[in-house]
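Here is a short note for a colleague opening this structure for the first time. Please keep the view open while reading.

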Amino acid sequence: VSGLAETFKDAASTKTKAKKKSSTVKEVEKLQKNRELRRQKQAEKKEEKEALLTIHSGNPNWQFQEMIKDYQGKLEFKPLTETDEVTENHQITVCVRKRPLNRKEKLSKEVDVISVPRKNLVVVHEPKNKVDLTKYLENQQFRFDYTFDEMCNNETVYNFTAKPLVETIFEGGMATCFAYGQTGSGKTHTMSGAGHGREKGIYAMVAMDVFRCLRYPEHENKNLMVSSSYYEIYGGKVYDLLAKKARLRVLEDGKQQVQIVGLTEKIVKSVEEVLFLIDCGNNARTSGRTTANSSSSRSHAIFQITLRQGNSQRIYGRIHLIDLAGNERGADTSSASRITRLEGAEINKSLLALKECIRALGRKGSHLPFRGSTLTLVLRDSFIGDKTKTCMIAMISPGMSSCEHSINTLRYADRVKELASNDSLFE
Ligand code: ADP
Ligand code: MG
């Protein structure tokens, strides 16, 4: 009996042992499975990281790129389109235009740090490093009357900026349109266009509209005559672009009239004649000095169209279209050469005076500091009177390497006309 009992005991213990063993095996298997899963996940993560690295290979700033993408993913983009109506009608209009990344910038994997989420908002995603070198973005929002993204063409920009100014001069007013910004940001592209037979610029589109308006019944019998001048201001001196860059003097007569003595003013009868003058002037502008871009970026180019009534010499209306000197020149105080430093100081002075004059125009009756620079002196009549309208287009390059200049440009434009920018982008 005892033997039997012994056998039973053995069997029972084997059973519990087996039970025990199976639960241990299960436990181990579970652990193993978990480990495998963890490894798999890690491998996936690593793969993802490697994939990102491959995508961004050669781009040291890919983390910023990803952060900007994340930020943009949370935004709803409702930019301006060409079918939008011109809703603003102010004496001072301030706009921003962002140009697309160019081929070279794309090749060098330049990160685009500018977003234009609304027709009047622009966001700069400024890349920053903490003390411990962690990367983060400082997102700064600016509001203007209109903001144009990289998809906008010159015609759309024109419709919202200079086109309303053509009406102003036919109402007997003085109008100015400025292209402001860093060298390479698109000032000349916007004003002069993209070269022969390609995209027209604001000069040409203004000329077209002037001749179109001239044929309107309400203007037809006013006997208006159209003429054009084109000159540049370099180092505070005026040069006639339609007379082999002859140097001209600026005089203020007893009646406080400012005149550029001997400035060529050509009577024009058609758009083609205006375009021909612009071509001649542009050729003169880029000839003589070293490279085309460096010379034109140091001078302000002023193209003007004047309406005179009948045979009287009285000005009926006038529009100034101005391709300003690169604003980075004004900031350049570190330059080794004395000439460049002096040039920079002169540009800085004129851009500051310009800002103050436009601000004074907005605050009726305040002191107008037009004698602060040659630029503001020759534009004096555009800063006084009720029938005066002005528009500034601040141009920005989209690249990360231009970020600081872009912020400077936006701050300047913001000071020209202060618009509250409290609206949250995320509501
Ligand atoms: P800036 O006159 O401000 O120095 P540019 O007008 O010469 O700058 O522009 C620099 C370069 O960028 C030119 O090659 C120009 O054609 C190009 N560019 C500027 N704006 C645009 C744009 N909106 N679309 C396409 N290319 C542009
Ligand atoms: Mg230019």
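1. **Ground rules.** This is a predicted model, in which local features need pLDDT of at least 70, side-chain atom pairs count only at pLDDT 80 or more, and totals for chains, interfaces and linings use all residues. Residues are numbered from 1 along each chain as its sequence is written, while chains are lettered from A and ligands numbered from 1 in the order in which they are written.

2. **Confidence.** pLDDT is the predictor's confidence in each residue, from 0 to 100. The protein chain has a mean of 88, and 88% of its residues reach 70 or more. Strand β6 (residues 174–181) scores highest, at 98. Helix α10 (residues 292–296) scores lowest, at a mean of 59. Where pLDDT is low, the predicted coordinates should not be read in detail. For the complex, the predictor gives an ipTM of 0.99 and a pTM of 0.85.

3. **Elements.** Helices (H or I, at least four residues) and strands (E, at least two) are DSSP runs, numbered from the N terminus.

4. **Ligand shell.** Around ligand 1 there are 14 residues, each with its C-beta atom, placed from the backbone, within 6 Å of the ligand. The closest are Arg99, Gly186, Lys187, Thr188 and His189. Helix α6 (residues 187–191) gives the most, with 3 residues. By type, the shell has 3 nonpolar, 9 polar and 2 charged residues. Here Ala, Val, Leu, Ile, Met, Phe, Trp, Tyr, Cys and Pro count as nonpolar, Asp, Glu, Lys and Arg as charged, and the others, Gly among them, as polar.

5. **Helix α9.** Which residues of α9 are buried (20 or more other C-beta atoms within 10 Å of the residue's own, placed from the backbone; exposed means 12 or fewer, partly exposed in between)? They are Val274, Leu277, Ile278, Gly281, Asn282 and Arg285. Seen down the axis of α9, the directions to their C-beta atoms fall within an arc of 135°, so these residues line one face of the helix. Glu272, Asp279 and Asn283 are exposed on the other side.

6. **Ser270.** This residue sits in the loop between β12 (266–267) and α9 (271–286). Ser270 is exposed, because 11 other C-beta atoms lie within 10 Å.

7. **Strands.** β7 (residues 224–234) and β8 (residues 237–240) run antiparallel, joined by 4 bridges; strands pair if DSSP finds at least two bridges between them. β8 also runs antiparallel to β9 (residues 246–248), with 3 bridges. Asp240 in β8 stands opposite Tyr231, and its bridge partner in β9 is Ala246.
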